[in-house]
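Trainee: I've got the model open and want to learn how to read its helices and its core. Can you walk me through a few features?

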Amino acid sequence: SYTTDTKAREENKKTVESLHRLSVDVRKIRRLKEWVLLQDVAYVKEIAGILQDMGADETAVANILERCPEAVLHTPAEVNSQRALWQLVCQNDKQLIKLIEQFPESFFTIDCHENQKANVLFFQELGLKNHIITRFLTSAPSIFYNPVEKTKNVIETLQRNYLSLGGSDANMKIWILKLLSQNPFILLNTSSTIQENLEFLQKNDFTDREVLQLLAKLKGFIFQLTPTTMQESMLFSQDVFKCSDRELKELVLKCPALLYHSIPVLEERLEGLLREGISVAQIRETPMVLELTTQIVQYRIQKLSALGYDIKSGTLESLNGTKKDFEVNYGKIRSKKERPIFNPVAPLNIED
């Protein structure tokens, strides 16, 4: 940790001069992370040299140090160790420096280096492709800080539960790798949390097959919930839709968002739909619409209304899906509206 008490301390002139020589905007650092300039020891020239050795030009070096000035507080040995670690999953230095430019904070977070390395090697043994591991390093660096034993423990718990729910040995590896690639943050959970959440679903009469189905649809987000929050969300949905336990289960299988969104989020989305004149009965028929934010729903309704499509009297299916799904549906509806009422290639009957 570095000293953050900036009172009665002066900037390190050598650090400031070195950064100026590299065309770094020191004013920006003063505004955002002045504490870096106050440290007694910094390795500006050395860290810049390592980045240049990897192929970074002057502009790239300046950008990296402006975005992550704390990089200069690490020793060259630490940065070279991090470089060697990332090279285990990068094709070459060109790819590595491109990643550092995009995610400097992730690269220069050098805590728990041994844990990081052990986790990278374990992921490779598990069968994760290097490009997936690089995505983890840049977008989910925290999963590498835990001891590898904890990571292995979580994976073993997932494997054990997958098999106990009726999954096959042949498909288990594919299932695990897909789950991890969709949501690596499941590795931050404890084995007991995973167990409790799966048991909660089973106690609520979801069959083993249905639990597996939910796991696939939830992309691992179920492991970031608790039995209490899931129970609250389900009771809220049951009250809104006035349905039986069996009907609620069917709604959750159709729309897992009813399980993993908090009550305030569900309330906001329901209110947004009701304001547009959509009925609770319509939402119950197509609950997947609750997976969309209020802003997305409003945007899609406006686009459809411009074509004369009345969402209040029709199905909500046309609102559903990803952006790509919606654009496809929208295109079909528009082409129907624009289709001529006569056949333009049919011969005309013209009397002489």
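Trainee: Which residues of helix H15 (residues 245-254) are buried?

Mentor: Buried means under 20% relative accessible area with a 1.4 Å probe, protein chains only. In H15, that gives Leu-248, Lys-249, Leu-251, Val-252 and Leu-253. An α-helix has 3.6 residues a turn, so residues three or four places apart point the same way. Helices here are DSSP runs (H or I, at least four residues), numbered from the N terminus. This is a predicted model, where local features need pLDDT of at least 70, side-chain atom pairs count only at pLDDT 80 or more, and totals for chains, interfaces and linings use all residues. Residues are numbered from 1 along each chain as its sequence is written, and side-chain values use heavy atoms, leaving out hydrogens and water.

Trainee: What do the buried residues of H15 pack against?

Mentor: Contact means heavy atoms within 4.5 Å. The partners are helix H13 (208-218), helix H14 (227-241), helix H16 (257-260) and helix H18 (280-285).

Trainee: And which residues touch the most other members of the largest nonpolar core?

Mentor: A nonpolar core is a set of buried Ala, Val, Leu, Ile, Met, Phe, Trp, Tyr and Cys residues joined through side-chain atoms within 4.5 Å. Here Leu-51 and Phe-108 lead, out of 106 residues. Helix H11 (residues 169-182) gives this core the most, 6 residues. Beyond four places in sequence, Phe-108 has contacts including Ile-47, Leu-51, Ile-64 and Cys-68.

Trainee: How confident is the predictor?

Mentor: pLDDT is its confidence in each residue, from 0 to 100. The protein averages 88, and 93% of the residues score at least 70.

Definitions and conventions
pLDDT = per-residue confidence, 0-100. Buried < 20%, exposed > 50% of the residue type's maximum accessible area, 1.4 Å probe, protein only. Helix = DSSP H or I, 4+ residues; strand = E, 2+ residues; numbered from the N terminus.
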